[in-house]
Amino acid sequence: MSSLRVSRAWSRRGRAVAATLVAAGALASTTLVAPEPAHAGTYKMNNCRVPGAETGHRGPWTYELNANFNPSNLVDVDTCASPGGFFGLYLPGGPMSANSMANINLFPAPDVAITDIKAWFYADARGFGSPGSTIVWADGVQHYNWSLMDARGGFISSHLPHASFQFSTQCGNDAGQSCTVYAYPIRVYGVQTTLSESLPPAAAITGGALTTPGPKQGVAAIAVRGTDATSGVKKLEVLLDDTVVGTIDYARDWALPLPDQKAGTCAHDHWNACPKTQTHEFAVDTTNLPDGVYALRVRATDAAGNADTALSQQSVTIDNVPDTVPPPAPTPSTAAPVAGPSGPGGPAGPGGSGGVVGAAGAGGGAGAAGASAAGTVLTLNGVNGGPGATVTAAFTTRRSTIRSAYGKKVLVTGELAGPNGRAITGARVAVLQQDKMLGARLVPAGQVVTDAMGRFRLVTTATRSRTIRFGYRAYL
């Protein structure tokens, strides 16, 4: 990392400011990323019409209509897609056979465990003949039992881990009598199952200009794929170093029907709460990061919160800020020699004896050309320039110190103004720097020139710790 500090110092003919750039390390490139530790994350599966999370789908619940020795005569029913719908068992006519049974089963997929289950239902096995009953089983153990002349409606919840769950309607065998039960011995309106899985997804980069060699400016594309065979892929991200520069989250908005949401939105109605494969092309705006070299990573997160990160073999070089090119500055001028004035005329000659006075003598020759009072004229450094000028400088953070990763480009901006506050334009501002090392000296490092607003800019690269100073002289 690097840090830059701006301080002020006075010069003999103007003012100066200094900036310190402290580099404390270098960016190491790698080609291998250790997998993120897996954890037993949880997610929800909502079947039929769970309050606040209606899917209209019974999901992986299956029917076993003749689960005992004799046919039950029950049929399956599923109206979950309709308002107020349910799934369950129906007796269209005639009794259940003695010693018969029909089940509605939930058996988890591989690598997925049930940690909690809540059900909204109505059970009624009342009737005539042999006793009828509706039983809820968990892992083959009776959880609830509603028997002859007993009806139950409402809500049940089990907060224990389970490998399976089952609703069962049974007819006993009282002297071989059949059971004339209620037409709908079991109606399940909604089931919310909390599931757990710890297998990470897989993230991959599949293309895009951001992955190609060469510096990048503006917006560049990258294509990403995530796969997960258990809970499904919920989120894809693109990172430059540790900064997320692109993300898409397929979380479901339960206030909207699934068809009204973006493609790939997690349905949460099956073991795979989200699609097993998600692909997306991101448009990454490189102007949101400082210029420099970055490690490119993509990350996929599944519905249970497990994540996987893939590192590109090709680093990304961002180069949006143009290098500083000083505009032309004024040059010193010298005074041209000036000729001296002509000499005065000579006096008149004496008159002859009794004669006419003689004519005046001829004038003297012109004097030698005189030297200028000053050989070289001192030129003001910039329009409105002069002593008492003030130099200010700062980073884009408006601070005098900045920390930056090694190799990043850093922009410094400044202003030059006269004592009256007017901008000094077209002036040369000296740039000097001093490494943060024992015995290092302040040495010239070029110059910048102020523009029509009296402003200047310098782009430098964070390669080591140093002070950068800007100095102004009133005269060139």
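Reader: Why is Trp61 called buried?

Author: Trp61 has a relative accessible area of 1%. Buried means under 20% relative accessible area, exposed means over 50% and partly exposed lies in between (1.4 Å probe, protein chains only), so Trp61 counts as buried. This is a predicted model, in which local features need pLDDT of at least 70 and side-chain atom pairs count only at pLDDT 80 or more, while totals for chains, interfaces and linings use all residues. Residues are numbered from 1 along each chain as its sequence is written, and side-chain values use heavy atoms, with hydrogens and water left out.

Reader: How many aromatic pairs are there, and what makes Trp61 and Phe87 one of them?

Author: Rings of Phe, Tyr and Trp (its six-membered ring) pair if their centres lie within 6.5 Å; planes under 30 degrees apart count as stacked, over 60 as edge-to-face and the rest as tilted. By this rule there are eight aromatic pairs. The centres of Trp61 and Phe87 lie 5.9 Å apart and their planes make an angle of 45 degrees, which gives a tilted pair. Trp61 is in the loop between strand S4 (53-54) and strand S5 (62-64), and Phe87 is in strand S7 (residues 87-90), 26 residues apart. Strands (E, at least two residues) are DSSP runs, numbered from the N terminus. Phe87 has a relative accessibility of 0% and is therefore buried. Ring pairs join Trp61 and Phe87 with Phe121, Phe165 and Phe167 in a cluster.

Reader: How do you know that Lys408 lies over the face of Tyr294?

Author: A charge sits over a ring if NZ of Lys or CZ of Arg is within 6 Å of the ring centre and within 35 degrees of the ring normal. Lys408 is 4.2 Å from the ring centre of Tyr294 and lies over its face. Arg187 lies over the face of Phe86, at 5.9 Å from the ring centre.

Reader: What makes Cys48 and Cys80 a disulfide, and what is its handedness?

Author: A disulfide is a pair of cysteine sulfur atoms within 2.5 Å. The sulfur atoms of Cys48 and Cys80 are 2.1 Å apart, and the pair forms a disulfide. The torsion about their S-S bond is about -105 degrees, so the disulfide is left-handed. Cys48 lies in strand S3 (residues 41-50) and Cys80 in the loop between strand S6 (75-78) and S7, 32 residues apart.

Reader: How many disulfides does the whole structure hold?

Author: The search finds three disulfides. Among them, Cys171 and Cys179 form a right-handed link with 85 degrees about the S-S bond.

How values were computed
Helix = DSSP H or I, 4+ residues; strand = E, 2+ residues; numbered from the N terminus.
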